[in-house]
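Student: I would like to learn how to read features in a structure that is new to me. Could we take a helix and then some rings?

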Amino acid sequence: MNNFSATYTDQYQLSMAQVYFKKGHRDHNAIFDYYFRKLPYDGGYAVFSGLEDLLKTISELRFTDNDLEFLKKQGFEDDFIKYLRDFRFRGTIYSASEGDVVFPTRPVLQVKANIIEAQIIETILLNLLNFQTLIATKASRIRLVAGDATLLDFGLRRAQATGGFYASRAAVVGGFDGTSNVMAGKIFDIPVSGTMAHSFIQSYDDELEAFRDFAEGRPDGCVLLVDTYNTLKSGVPNAIKVAKEMEARGEKLLAIRLDSGDLSYFAKESRKLLDEAGLDYVQIAASNQLDEHVIKSLLEQQAPIDIFGVGTNLVTGDPDGALDGVYKLAYSNGKPRIKISESIFKVTLPHKKQVFRMKDDHGKCIGADAIGLFEERKISEMFHPFEPYKSMKVESFHQEPLLQKVMENGEMLINKRSLKEISEYSLTRLSELPIEYKRFNNPHIYKIGISERLRDEREKLIRSSKQKLK
């Protein structure tokens, strides 16, 4: 899944690259910012995911002979195709740490490379980071309400094709414990978990016989699906019989799974039956169109559910479907660059930059990040990026620089972390965020500001642009 061809891009990237090549711009250095404009799910934060995948992918991007033959048929010129034969990304990348909480407007990642290399990687960068950040954020919201319950990704069958592969990875970054996705488990070292389908039970003439055969074949981590015919009159009683038979063999049934109906009611009634049978160790798993809101409701009803299998709503990022991440030029050929727009929210920030997180003396985030020029080390006052009369004094706070060099000359500089380590880091960063930003309804708006120097540089470029139009 990680072996992408360099043709995994949009045609306009290559069309622009050919013009750069033909006009002698191939050695023009460029800086691009990756950021997003709006938080998903009307939430108060996002969880950055996909960085290590991106770095590995772009370090290996190449055009094969077959790729180049195809591009020739698309009308690209021979000298440009010859140039692409030796293509590889040789640039430098600064980025937030994967798993960190991130916010709109501010750069999450910066690419510094020659203009052709920086342009060609745009599509794969947006593809990987936007999707994984969206899913990791959804997973984090689910983890926040689920407490210590086990969370499993069950979404592969409902995902947008192979997007389910990366969704499984991002779900773990956001706090999930495992996945049903065997391939993702293998490649990303994620614990793999699964139960059974209704079809397995339906294929037998007798539910009890189906349970017995399954328990015999999968005694370790055995979970029995109890709602095929009648949850409380058939499924749970038969599961109890099999659990007792397993005990006699020195084995233990791990859980029963509920997949339909009133999950709260069935969980409570099933818990009673299990406990009365002396099976208090048997857990209850639930699935069926779960999301953070349904899980929150179930736990508020004190439903005794230990394991949640979340599928469609997790891996599709429902209800948002996409993160609106963008990749904008900030510097090129020795000059700062800016995009002017009728919408003030779409005016970009020029220059190479750094982002600082404001923290109090206890290391807690105060709910503000400031964007400054890269060479700035301390910001005294930050200004609202779109409402210039709003400002905030920040000189008294600890200022943590967030963008660190993660790739140089196309080579990864960071040590690979396990998904568990990234997830634990994410939980730590989330714990530094005040609770007001983590609530689902009307979360506080995280403050993003720009330094006085950056503000003045942007205004100078805007004035210059307007002068050219006169």
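Student: What do the buried residues of α10 pack against?

Tutor: This is a predicted model. In it, the buried residues of α10 pack against α9 (198-202), β8 (223-225) and α11 (231-248).

Student: Which residues of α10 are buried?

Tutor: Helix α10 covers residues 207-217, and its buried residues are E207, L208, A210, F211, F214 and A215. Their arc around the axis is only 160°, so they lie on the same side of α10.

Student: Why do residues three or four places apart point the same way?

Tutor: An α-helix has 3.6 residues a turn, so residues with that spacing face one way.

Student: Which residues are exposed on the other side of α10?

Tutor: E216 and G217 are exposed there.

Student: What caps the N-terminal end of α10?

Tutor: The cap is D206. One of its side-chain oxygens lies 3.2 Å from the backbone nitrogen of L208.

Student: Now the rings. How many aromatic pairs does a search of the whole structure find?

Tutor: The search finds 17 aromatic pairs. Take Y94 and F374: their ring centres are 5.3 Å apart and their planes are at 70°. An angle over 60 degrees counts as edge-to-face, so this pair is edge-to-face.

Student: Where do Y94 and F374 lie?

Tutor: Y94 is in strand β3 (residues 92-95), while F374 is in the loop between β15 (365-373) and β16 (381-383). The pair therefore ties together parts that are 280 residues apart in sequence.

Student: Is Y94 buried or exposed?

Tutor: Y94 counts as buried because its relative accessibility is 10%, and buried means under 20%. F374, with a relative accessible area of 22%, is partly exposed.

Student: How are the rings of F345 and F386 arranged?

Tutor: Their centres are 5.0 Å apart and their planes are at 65°, so this pair is edge-to-face. F345 lies in the loop between β13 (335-336) and β14 (353-359), and F386 in the loop between β16 and β17 (391-393). The pair ties together parts that are 41 residues apart in sequence. F345 counts as exposed, at 53% relative accessibility, whereas F386 counts as buried, at 15%.

Student: Which residues do ring pairs link into a cluster?

Tutor: The cluster consists of F21, F76, F80 and Y83.

Student: Which charged end sits over the ring of Y281?

Tutor: That of K252, 4.7 Å from the ring centre. The charged end of R455 sits over the ring of F383, 4.2 Å from its centre.

Note on methods: Residues numbered from 1 in each chain as written. Predicted model: local features only at pLDDT ≥ 70, side-chain atom pairs only at ≥ 80, totals over all residues. Heavy atoms only, no water. Phe/Tyr/Trp six-rings, centres within 6.5 Å; stacked < 30°, edge-to-face > 60°. Helix = DSSP H or I, 4+ residues; strand = E, 2+ residues; numbered from the N terminus. Buried < 20%, exposed > 50% of the residue type's maximum accessible area, 1.4 Å probe, protein only. Lys NZ or Arg CZ within 6 Å of the ring centre and 35° of its normal. Arc of directions from axis to C-beta. Contact = heavy atoms within 4.5 Å. Polar contact = N/O pair within 3.5 Å; in protein donor to acceptor, adjacent residues only side chain to side chain.
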